[in-house]
Every structure is written in C-alpha cells, then in structure tokens.
Amino acid sequence: MEHDYSKESNIRFPTVAVVGGGASGMMAALTVAKVPGRRVLLIERQQRVGRKLLATGNGRCNLTNRNAAPGDYCGTDAAFAAPALKAFTPEDTLAFFRELGLLTVTEPGGRVYPLSDSANSVLDVLRFALEERGIVIHCGAPVEELRRGKRGFVLSGEALGRLEADAVILACGGAAGAKLGGVTDGYRLGKELGHRRTALYPSLTRIRTEAELPRALKGVRVQAGLRLTRGGVLLAESHGEVQFTETGVSGPAGFDLSRAAACGGDRLTLHLRLLPFDEETLLGLLRARCMQFPALESAELFTGMLHNRLGRVVVKAAELPMQGTLSSLTDAQLQAAARQCLDFCLPVLGVDGFDAAQVTAGGLRTDEFDPRTMESRLVPGLFACGEVLDIDGPCGGYNLQWAWASGALAGRLGA
Ligand SMILES: Cc1cc2nc3c(=O)[nH]c(=O)nc-3n(C[C@H](O)[C@H](O)[C@H](O)COP(=O)(O)OP(=O)(O)OC[C@H]3O[C@@H](n4cnc5c(N)ncnc54)[C@H](O)[C@@H]3O)c2cc1C
C-alpha cells in the first residue's frame with residue numbers, strides 16, 4: 001500500500017500533482033520535492049518525460065541565454081514574467097544544472113548549450129534528479145479531467161485513473177511543436193476551472209513570403225538587418241542570420257519577427273538590409289568596382305560582397321540589365337542596386353503553423369494568476385508555469401529560461 005504523507009504532515013499542500021513532464025513541469029516537481037514530507041506526482045501524457053526538450057536547439061538544447069532579461073519577453077502583460085525571471089536568473093539556471101552534474105558552454109549571443117552538445121545530457125540529469133528526489137512519475141497518462149474535489153483537486157483520465165491532490169501545477173506547455181507533443185490540453189484544463197486564454201499564434205517559425213525570390217535563393221544564408229512593416233509603419237525589427245527557404249525565410253532573425261508577422265494582420269512587408277553599410281558608402285563601393293572590373297557582366301556587380309546567387313537576385317530585382325558589362329551601368333542604376341541591397345522587400349503571406357513553430361504566442365490569461373507565486377487568483381491551490389501561460393520569448397534560450405524560472409517559482413507553492 002502507498003504511504004500517505006498527507007496524514008502525518010501539516011504543510012500547506014502535502015500532495016502536489018504536476019501536470020506535464022516538460023521543462024517547466026520537471027523544474028516545478030523538483031522544487032516542490034525540496035520540502036521533506038511532500039508527495040509529488042508528475043503526470044505526463046506522452047510515453048516519456050521531456051520529449052520536446054530533446055528536440056530543442058536542433059538536438060543540442062539551447063537551455064538558457066545569459067542575456068535574458070524580463071524586458072525581452074512578450075505577452076498581453078509581459079511584465080507578469082518579471083518576478084519569476086528576477087527570482088531565477090540565467091545564472092541560477094546554470095548553477096541549478098551544475099549541481100545536477102551538467103557541464104555547459106556559452107556561445108556567442110549568450111546562448112548556453114550542454115558541453116556534450118546533446119540535449120540528451122540535459123534530460124538525463126533532470127531524470128536522475130526526479131528519481132533521486134522520489135518523485136512519482138506517471139507516463140503515457142494524459143490528464144483528461146481536472147476539477148475541484150472535497151479536499152483539493154481530482155485529476156482523471158482513462159490511462160491515469162483517478163488521483164487526488166492538494167495542489168495542482170499546470171505545466172502542459174502550448175500548442176507549438178505539435179509533432180513533439182504540443183497540445184492545447186492546458187488551456188482546456190484551465191478552462192474547466194474557470195480560466196480563460198488569449199488568442200494563440202505560432203511563433204519562432206518560418207515567415208512565408210511571395211515565393212519567387214526566396215525560391216531562387218533556397219538554402220542561402222545571410223547576416224541581415226530585418227524590419228517588418230505594415231503600410232510603411234514599423235512593427236518589429238531584428239538582426240542576425242536569415243536563411244532563405246522554398247517559401248520564405250527562416251533562421252533566428254526571421255524567427256524573431258514571426259510573432260509580429262503572425263499577429264500583425266495582412267499586407268505586411270519584410271525588409272532585409274543585406275549589407276551593413278549606408279547608401280552612400282555602398283554606392284561608393286559599387287562605383288569603385290565598376291572602375292576596377294569594367295569588363296565584368298553586370299550580374300556580377302555584388303560578387304565578392306554577397307553570396308553569388310543573392311547578388312544576382314538583387315541585380316535582377318533592381319531591374320539592371322543582366323547581360324551588359326559593369327562599365328555600361330549608369331549611376332542611377334548603381335543607386336537602384338544599392339537601394340535594393342539595403343532594402344530588399346518581400347511581401348509577407350503569413351507564417352508556418354503550430355506544427356513547425358517553436359513556441360506559442362498567447363496562452364492562459366496572466367491577469368488571472370499572481371506573478372509573485374504563479375498561483376491562480378480564481379482557484380487557490382492551482383498554479384501554472386511555462387508556455388501554457390501568455391508569455392513567450394525570442395529565439396536563443398529565452399523560452400527555456402522562462403520554463404525553468406516560472407517552474408521554480410510555481411514549485412515554491414507560494415512559500
Ligand atoms: C523544435 C523546437 C525547438 C526548440 N528549441 C528551443 C531552444 O533551443 N531553446 C529554448 O529556449 N526554447 C526552445 N524551444 C521552446 C521550448 O522547448 C519550450 O518553450 C519549452 O519546452 C516550454 O516548456 P513547458 O514545460 O512549458 O512545455 P513543454 O516542454 O511542451 O512540456 C509540456 C508537457 O506537458 C505534457 N502534457 C500536455 N498536456 C498534458 C496532459 N493533459 N496530461 C499530461 N501531460 C500533458 C506534454 O506532453 C509535454 O511533455 C523549442 C521548441 C521546439 C518545438
């Protein structure tokens with residue numbers, strides 16, 4: 001017969017059920033289990049915990065970002081995230097994992113990865129810690145129903161059966177990464193207890209643009225400045241690596257604008273600044289090149305400055321004759337080429353869906369939770385953390401940092 005700790009303990013929540021064995025749920029469970037005498041149940045609908053974690057960072061797991069600060073996050077009320085992020089900073093994440101035995105390395109931009117370069121290492125140390133702290137794990141057991149019971153909460157599901165808990169931490173993640181188990185269960189379970197959610201959008205995903213130009217550039221990578229506009233009004237900007245795909249653009253800098261592209265409505269334009277010069281400087285370089293290589297074909301105007309396929313596409317988009325020589329180009333044509341290179345425009349058609357997205361923008365309404373504890377303002381004893389809430393971050397370790405930080409705060413159960 002299972003030992004019933006609740007009978008001998010006078011702590012506020014003797015039995016705690018964590019729904020969702022992803023990043024935030026594992027962190028929450030480990031934090032709850034720090035208090036002796038507490039019984040922690042970690043319930044996961046998939047066959048194993050941390051499945052999405054294994055796919056993060058292309059299998060390398062970008063587990064945090066040393067530069068992550070509260071101001072980097074988005075949501076209807078992004079300030080909601082601040083107390084959790086201040087209480088558990090990227091340095092705390094590193095210390096936490098160091099204590100579990102994980103060695104890490106920091107790459108440019110503050111991105112932190114396991115030294116082993118394998119997300120498996122991150123999951124392994126978490127699993128060992130869950131085991132060591134005696135956390136009871138139910139895998140392959142989706143929570144299908146969550147309701148208030150006489151004493152606390154009743155959780156049930158066909159494979160799970162019926163469980164009772166004094167407190168519940170909802171850590172079900174969001175709809176993104178559907179192939180890795182991203183589901184909308186968390187919003188539904190929250191709703192069963194009276195919580196509402198905002199609109200949901202896929203974020204950190206490919207931006208789909210009119211395809212003619214990107215298709216010719218498929219696979220080309222470039223460091224660029226990006227701006228997203230609507231009717232000439234700037235909506236968002238980013239800088240970094242962009243990769244052209246068959247249907248548009250991906251890469252970290254493109255991903256960082258995907259949230260704005262998803263929520264921004266129609267008639268959006270993506271502007272790429274393909275070289276880090278002002279127009280005068282670039283024009284000077286192009287003039288000098290025409291003098292130095294007068295016999296070169298005009299299609300080669302940017303050769304040596306841009307990826308050759310990209311250079312040719314820019315020349316074509318600027319409507320320069322592709323067959324003539326550099327000596328035949330007029331100053332007005334060079335100006336058109338420079339402008340095209342510094343403001344390469346792609347009309348936006350939308351973004352890829354939740355299947356391909358890394359994160360969900362939107363989620364359970366944060367005004368219904370207390371940011372100092374992550375406890376529900378509607379249902380005492382109900383806590384939430386991670387992506388299920390209406391908070392999301394940019395590409396580069398920010399979303400896992402939110403998962404760890406909010407999970408650690410929720411796991412304190414208001415103490
Ligand atoms: C391909 C990909 C790559 C990514 N790379 C990075 C990266 O490198 N760095 C970064 O910071 N972020 C990255 N992210 C985002 C990051 O993985 C998530 O933001 C983070 O995992 C969210 O943690 P979470 O605990 O809230 O949700 P999840 O990690 O999604 O965990 C939620 C868990 O709850 C379970 N669950 C759902 N419903 C139920 C239910 N009814 N009953 C029981 N269990 C349930 C799910 O099966 C899941 O295991 C990536 C995401 C994807 C999809």
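Two strands are taken to pair if DSSP finds at least two bridges between them. In this predicted model, strand S1 (residues 15-19) and strand S10 (residues 167-170) meet that condition, with four bridges in the parallel sense. Within this pair, Val 16 of the protein chain stands opposite Ala 167 in S10.

S1 and S10 are part of an open sheet of five strands, ordered S6-S2-S1-S10-S19. The pairing in this sheet is parallel. Strand S6 (136-138) and strand S19 (382-384) stand at the edges. Each of these two has a single partner strand, so one side of each is left without a neighbour in the sheet. Neighbouring strands of the sheet are turned by 20° against each other on average, direction ignored. Strands of a sheet pair through backbone hydrogen bonds, either parallel or antiparallel.

Antiparallel pairing also occurs in the chain. Strand S7 (residues 145-148) and strand S8 (residues 153-157) run antiparallel and are joined by four bridges. Glu 145 has Ser 156 in S8 as its bridge partner. The link from S7 to S8 is a hairpin through four residues. S8 also runs antiparallel to strand S9 (residues 161-165), with five bridges between them. Here Gly 157 is the bridge partner of Gly 161 in S9. S8 and S9 form a hairpin as well, with three residues between them.

The overall build of the chain was examined next. The protein chain has 12 helices and 19 strands. Its C-alpha atoms fill a box of roughly 90 × 40 × 35 Å, taken along the principal axes. Of the 415 residues in the protein chain, 49% are buried. Among contacts with a separation of 6 or more, 74% join residues 24 or more positions apart.

The domain assignment of the protein chain gives three entries. Domain 1 covers 5-201 + 360-410, domain 2 covers 202-275, and domain 3 covers 279-344. The centres of domain 1 and domain 2, taken over C-alpha atoms, are separated by 30 Å. Nine residues of domain 1 are in contact with nine residues of domain 2. On the domain 1 side, the residues that touch domain 2 comprise six nonpolar, two polar and one charged.

Helix H8 (residues 252-263) was considered for its burial. H8 is mostly covered, with 10 of its 12 residues buried. The buried residues of H8 include Phe 255, Leu 257 and Ala 260. Asp 256 and Arg 259 are also buried in H8. An α-helix has 3.6 residues a turn, so residues three or four places apart point the same way. H8 is followed by Gly 265, whose phi is positive, near 85°.

Most residues other than glycine have a negative phi, and most peptide bonds are trans. Asn 58 has a positive phi, near 55°, and is not a glycine. Asn 58 lies in the loop between H2 and strand S3 (64-65). Asn 58 counts as exposed because it has 8 C-beta neighbours inside 10 Å, and the cut-off for exposed is 12 or fewer. Leu 413 likewise has a positive phi, near 55°. Leu 413 lies in the segment after H12. Leu 413 is buried because 23 other C-beta atoms lie within 10 Å, and the cut-off for buried is 20 or more.

Conventions
Residues are numbered from 1 along each chain as its sequence is written. This is a predicted model: local features need pLDDT of at least 70, side-chain atom pairs count only at pLDDT 80 or more; totals for chains, interfaces and linings use all residues. Axes are lines fitted to C-alpha atoms, for helices over the stretch in contact, and angles run from 0 to 180 degrees between N-to-C directions. Domain bounds come from an automatic or database domain assignment. Two residues are in contact if their C-beta atoms, placed from the backbone, lie within 7 Å. Ala, Val, Leu, Ile, Met, Phe, Trp, Tyr, Cys and Pro count as nonpolar, Asp, Glu, Lys and Arg as charged, and the others, Gly among them, as polar.
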